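User: I have a protein chain open and want to talk it through. Can we start with how its contacts are spread along the sequence?

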Amino acid sequence: NKLLYNGKSSPLGVPVLSKSFKGKIKWTDLKKNLYFDSKLKNAVVYNWRSLYQKNYIDWGFCIPKNLYNKIKNLKSYFDIDLKTQTNKSSMKVLDFHIKGKSKKTILFNAHNCHPFQANDDISGCAVGIALFKYLKDKKNLRYSYRLLICPELIGTMFWINKIFKKDKNISAAILLKSVGNNRKLKFQKSFDGNTKLDMIAKNVFDSKYKEYESGPFRTIYGNDETVFESPGYKIPTISLTRFPFKEYHTDLDKPNKLSEKQLVDTLDTCKKIIWYFEKNYSYKVNFKGLISLSNPKYDLYKKTFSVGIHNSKVKINSTDIKWNLLMNNLPMELENGRDVLYLSNKYNLPFNDIL
């Protein structure tokens, strides 16, 4: 006659879509229906598996490991009285579109399906909303931008199936996933790993963070990138994340674990990625033969070290050599329609300086 656990004591106290159950059972049967985090003794875990495995829905409780340890040696039966109710409702999706001069669209995505958890992924939603408040006041945007906030995988699949029939202009997707904790920001590459989006992200991270972690598709974080990159859509997709963090998928993922500094840092990184897209021009030549870059009409010659002119004791700077090589190759590169990003990566020179 002692209450051991009340499923309502935590918003995550029972698995998602748990069935009802009433009866008296032994410990050997009860423990099969208890879920906990073995490392976080006071945490209640978020058990989401029934959302994606509808054939395996069962009843259960999510409990702290401390409670599990306390009751596992009790030599008695356990009375279970679990009543659950499911209701039909509409799936909440935010689709906010900012149109630019081009129909080519850069998509930002975060998910809203982790109840009572702050970093995963209200942090991504917050950064996405702040970013689009910033973008909507920008004039003369070259690209169009779209913010999608919805339940991961399921919401994304329904959305893209509906939208892509009418709008096939989504050329890149950036996922904002668990971006508010105190770990360093990472970026996960697209499936191909060498798209324009990948190169832009690399340039931003190289210039901003110097040392950082990046990795191939699905090696750092797993989320909606499989939907966007799937056959028939093939939208290059990268992820920005600060995963892993110890409170992941538990009720300890609370707002007080978020860092305002890191949220602002993520927002700034997103702004820089957009800046690269907006400024990454490609060029056409309107001349034949060599062009005099030093002609005041063009003023495209960058002074570099010259052997025989400068003091022989001055060491040749490798950056000077890179600029000299780029200037010599520039007419041919432009004839091939190269853009600033391509030149920056090929010659290992700063994007802004080349621009």
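Analyst: This is a predicted model. Among contacts between residues at least 6 apart in sequence, 80% join residues at least 24 apart.

User: How many helices and strands are there in the chain?

Analyst: The protein chain has 10 helices and 11 strands. Its radius of gyration is 27 Å, well over the 20 Å that the globule rule gives for 355 residues, so the chain is more spread out than a compact globule.

User: What box do the C-alpha atoms fill?

Analyst: Along the principal axes, the box is roughly 95 × 55 × 35 Å.

User: And what share of the residues is buried?

Analyst: Buried residues account for 45% of the 355. The chain exposes about 20700 Å², and carbon and sulfur atoms supply 52% of that area.

User: Now charges. How many positive and negative side chains are there?

Analyst: There are 62 positive and 32 negative side chains. The centres of the two sets lie 2 Å apart.

User: Let's pick a helix. What span should α7 have, and what does it have?

Analyst: Helix α7 covers residues 260–279, which is 20 residues, so at 1.5 Å a residue it should span 28 Å. Its end C-alpha atoms are 29 Å apart, which agrees.

User: Which residues of α7 are buried?

Analyst: Among them are Leu263, Leu267, Ile273, Ile274 and Phe277. The buried set also includes Asp265 and Glu278.

User: What about Ser259, where does that one lie?

Analyst: Ser259 lies in the loop between β11 and α7. Its relative accessibility is 11%, so Ser259 counts as buried. Leaving aside neighbours within four places in sequence, Ser259 is in contact with Gly180 and Asn182.

User: Next, Glu225. Buried or exposed?

Analyst: Glu225 counts as buried, because its relative accessibility is 0%. The residue is found in helix α6, residues 225–228.

User: What does Glu225 touch?

Analyst: Not counting residues up to four places away in sequence, Glu225 touches Leu175, Gln188, Phe217, Arg218, Thr237 and Ser239.

User: Over to Asn348. Buried or exposed?

Analyst: Asn348 is exposed, with a relative accessible area of 55%; the cut-off for exposed is over 50%. Asn348 is found in the loop between α9 and α10.

User: Which residues is Asn348 in contact with?

Analyst: Setting aside neighbours within four places in sequence, Asn348 is in contact with Lys322 and Leu343. As for Val44, that residue is 304 residues from Asn348 along the chain, and their C-alpha atoms are separated by 49 Å.

Definitions and conventions
Residues numbered from 1 in each chain as written. Predicted model: local features only at pLDDT ≥ 70, side-chain atom pairs only at ≥ 80, totals over all residues. Heavy atoms only, no water. Helix = DSSP H or I, 4+ residues; strand = E, 2+ residues; numbered from the N terminus. Rg over C-alpha atoms; globule rule 2.2 N^0.38 Å. Buried < 20%, exposed > 50% of the residue type's maximum accessible area, 1.4 Å probe, protein only. Contact = heavy atoms within 4.5 Å. Areas by Shrake-Rupley, 256 points an atom, 1.4 Å probe, with all protein chains shown as cover. Lys, Arg positive; Asp, Glu negative; His and termini not counted. Charge placed at Lys NZ, Arg CZ, Asp CG, Glu CD. Expected span 1.5 Å × (residues − 1).
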